[in-house]
Amino acid sequence: MINEKWTALQAPPPAALKEIKGGRMSGKTDINPQWRIKAMTEVYGQCGIGWKWDIVKEWTVQAGDEVLAFVRVNVWTRDGDKWSEPIPGVGGNKLIEKESKGLRNNDECFKMATTDALSVAFKFLGVASLIYEGQFDHGKYNNEAPPAPASNGKGLSRKEVFFEMQKKAFAVGAKKKFNEVVDAFLADSKTLDELSENDFDALIKFIIANKKGVKNA
């Protein structure tokens, strides 16, 4: 059974996602690296206290005229007074890249490789897992995950299901947290009145994936 922490980390808000256009990764989804750090902090606590990371190794590999750079990191999470075993991640980038006008140095290379390595380690904790499972397409989560709540035989629309969840959250004193989750999903791009049934379905799934602190929602 997937634990609550995995579930809380699995679905980035659409505002943290961008479709890659052009190149060999065209059509894939780029995840804002700052969101990953924010999500880890929300679930495990402040970096260095609830979770931490370290660079284990940096190295380069000659590949023809190009030079590839790699970074290995370890990530740890804390449970009470006990730290986890190290969670490894390896990432890479091009330090010297061959372009049409010649060779180009990338002074951001090791930083980018480190970010890549952290993203790999975070995968083992469930960070953005729905994206890697291919369950986000054209700006919304598909119908396979995370499962939306049943309508309890009432034949409710997705919009009506949402407002029932909102009413229940408000009734148990979780209004602030509920609104924060909804605002994170909307990200100032739309209002509730502008959402379609499919949008409400995606919003319901997002609330479920981020339900920590939203009591009974």
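Guide: One term to begin with: buried means under 20% relative accessible area, exposed over 50%, and partly exposed in between, using a 1.4 Å probe and protein chains only. This is a predicted model, where local features need pLDDT of at least 70, side-chain atom pairs count only at pLDDT 80 or more, and totals for chains, interfaces and linings use all residues. Residues are numbered from 1 along each chain as its sequence is written, and side-chain values use heavy atoms, with hydrogens and water left out.

Visitor: Which class does glutamate 97 fall into, then?
Guide: Glutamate 97 counts as partly exposed because its relative accessibility is 25%.

Visitor: What does glutamate 97 form a salt bridge with?
Guide: With arginine 104; their closest N and O atoms are 3.3 Å apart. A salt bridge here is a side-chain nitrogen of Lys or Arg within 4 Å of a carboxyl oxygen of Asp or Glu. Shared partners join Glu97, Glu99 and Arg104 into one network of salt bridges. Arginine 104 has a relative accessible area of 34%, so it is partly exposed.

Visitor: How many salt bridges does the whole structure have?
Guide: The search finds 5. One of them pairs aspartate 65 with lysine 98, with 3.4 Å between the closest N and O atoms. That pair links distant parts of the chain, 33 residues apart: aspartate 65 is in the loop between β3 (51-63) and β4 (66-79), and lysine 98 is in strand β6 (residues 87-99). Strands (E, at least two residues) and helices (H or I, at least four) are DSSP runs, numbered from the N terminus.

Visitor: Are those two buried or exposed?
Guide: Aspartate 65 is partly exposed, at 45%, while lysine 98 counts as exposed, at 53%.

Visitor: What does glutamate 66 form a salt bridge with?
Guide: Lysine 94, with the closest N and O atoms 3.2 Å apart. This pair also joins distant parts of the chain, since glutamate 66 is in strand β4 and lysine 94 in strand β6, 28 residues apart. Glutamate 66 is buried because its relative accessible area is 15%, whereas lysine 94 is partly exposed at 30%.

Visitor: What else does glutamate 66 touch?
Guide: Leaving out residues up to four places away in sequence, glutamate 66 touches Val61, Lys94, Ile96, Glu97 and Lys98. Contact means heavy atoms within 4.5 Å. A polar atom of the glutamate 66 side chain also lies 2.8 Å from the backbone nitrogen of lysine 98.

Visitor: New topic. How many disulfides are there?
Guide: The search of the whole structure finds 0, a disulfide being a pair of cysteine sulfur atoms within 2.5 Å. Cysteine 47 is partly exposed at 32% relative accessibility, and cysteine 109 is buried at 0%.

Visitor: Which residues touch the most other members in the largest nonpolar core?
Guide: Of its 24 residues, Leu9, Trp35, Met40, Tyr44, Val75, Phe122 and Val127 do. At least two residues of this core come from each of α1 (4-9), α2 (33-44), β4 and α3 (109-123). A nonpolar core is a set of buried Ala, Val, Leu, Ile, Met, Phe, Trp, Tyr and Cys residues joined through side-chain atoms within 4.5 Å. Apart from that core lies another, of 18 residues, among them Val181, Phe185, Leu186 and Ile204.

Visitor: And what does valine 75 touch?
Guide: Not counting residues up to four places away in sequence, its contacts include Trp51, Trp53, Ile87, Leu118 and Phe122.

Visitor: What is the phi of alanine 128?
Guide: Near 60°, a positive value in a residue other than glycine. Most residues other than glycine have a negative phi. Alanine 128 is in the loop between α3 and α4 (129-132), and at 0% relative accessibility it counts as buried.

Visitor: Where is the pLDDT below 50?
Guide: Residues 143-154 are one such stretch, with 24 contacts in the model beyond near neighbours in sequence. Over residues 213-217 pLDDT also stays under 50, and the model has 15 contacts there beyond four places in sequence. Where pLDDT is low, the predicted coordinates should not be read in detail.

Conventions:
Polar contact = N/O pair within 3.5 Å; in protein donor to acceptor, adjacent residues only side chain to side chain. pLDDT = per-residue confidence, 0-100.
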